[in-house]
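Hi,

Here is the structure I promised to pass on. Have a look at it first, and then read my notes below.

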Amino acid sequence: MNLSDLRYLIAIADHLHFGRAAASCFVSQPSLSAAIRQLEEELGVTLFERKTGGVLLTGAGQRVVEQARRVLQ
């Protein structure tokens with residue numbers, strides 16, 4: 001886990017869409033998706049429910065996003 005991963009996580013939480021989050025972070029969507037998948041594996045939790053046209057934060061995802069926001073402040 002690194003600071004970029006936390007920024008990606010927050011961007012997805014803010015946009016609720018991987019493509020828009022990737023654009024806001026100036027990275028490709030596959031790169032952002034791979035980073036989040038790796039973060040989920042490291043933490044052992046699912047952070048987002050992937051849906052057609054967007055995503056939703058899971059309960060664990062909400063808690064991790066809150067912590068990520070504090071870390072980046």
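Arg 50 counts as partly exposed, because its relative accessibility is 42%. Keep in mind as you read that this is a predicted model.

What does Arg 50 pair with? Its side chain meets that of Glu 40 in a salt bridge, at 3.0 Å from N to O. Glu 40 sits in helix H3 and Arg 50 in strand S1 (residues 48-51), so the bridge ties together parts that are 10 residues apart in sequence. Glu 40 itself is buried, at a relative accessible area of 10%.

In total, the structure holds 3 salt bridges. Another one joins Asp 14 to Arg 69, with the closest N and O atoms 2.6 Å apart. That pair links distant parts of the chain: Asp 14 is in helix H1 and Arg 69 in helix H4, 55 residues apart. Arg 69 is partly exposed, with 34% relative accessible area.

Then there is Glu 49 with Lys 51, where the closest N and O atoms are 3.7 Å apart. Glu 49 is partly exposed at 40% relative accessibility, and Lys 51 is partly exposed too, at 47%.

**The inside**

The largest nonpolar core has 20 residues. Among those with the most contacts inside it are Leu 9, Ile 12, Phe 18 and Leu 32. Helices H1 (3-15), H2 (18-25), H3 (29-43) and H4 each give two or more residues to this core, and the largest share, 7 residues, comes from H1.

Leaving aside neighbours within four places in sequence, Leu 32 is in contact with Tyr 8, Ile 12, Phe 18, Ala 21, Ala 22 and Val 27.

**Thr 58**

Is Thr 58 buried or exposed? It counts as buried, because its relative accessibility is 15% and the cut-off for buried is under 20%. Thr 58 is found in the loop between strand S2 (54-57) and H4, and its side chain reaches the backbone nitrogen of Gly 61 at 2.9 Å. Beyond its neighbours within four places in sequence, Thr 58 is in contact with Thr 46, Leu 47, Phe 48 and Glu 49.

**On the surface**

Leu 3, Val 71 and Leu 72 make a nonpolar surface patch of about 240 Å². Val 71 belongs to helix H4 (residues 59-72) and counts as exposed, at 54% relative accessibility.

Cheers

Technical notes. Residues numbered from 1 in each chain as written. Predicted model: local features only at pLDDT ≥ 70, side-chain atom pairs only at ≥ 80, totals over all residues. Heavy atoms only, no water. Patch = residues over 30% accessible without salt bridge, like charges linked within 9 Å, V, L, I, M, F, W, Y side chains within 5 Å. Areas by Shrake-Rupley, 256 points an atom, 1.4 Å probe, with all protein chains shown as cover. Salt bridge = Lys/Arg side-chain N within 4 Å of Asp/Glu carboxyl O. Helix = DSSP H or I, 4+ residues; strand = E, 2+ residues; numbered from the N terminus. Buried < 20%, exposed > 50% of the residue type's maximum accessible area, 1.4 Å probe, protein only. Polar contact = N/O pair within 3.5 Å; in protein donor to acceptor, adjacent residues only side chain to side chain. Contact = heavy atoms within 4.5 Å. Core = buried A, V, L, I, M, F, W, Y, C linked by side-chain atoms within 4.5 Å.
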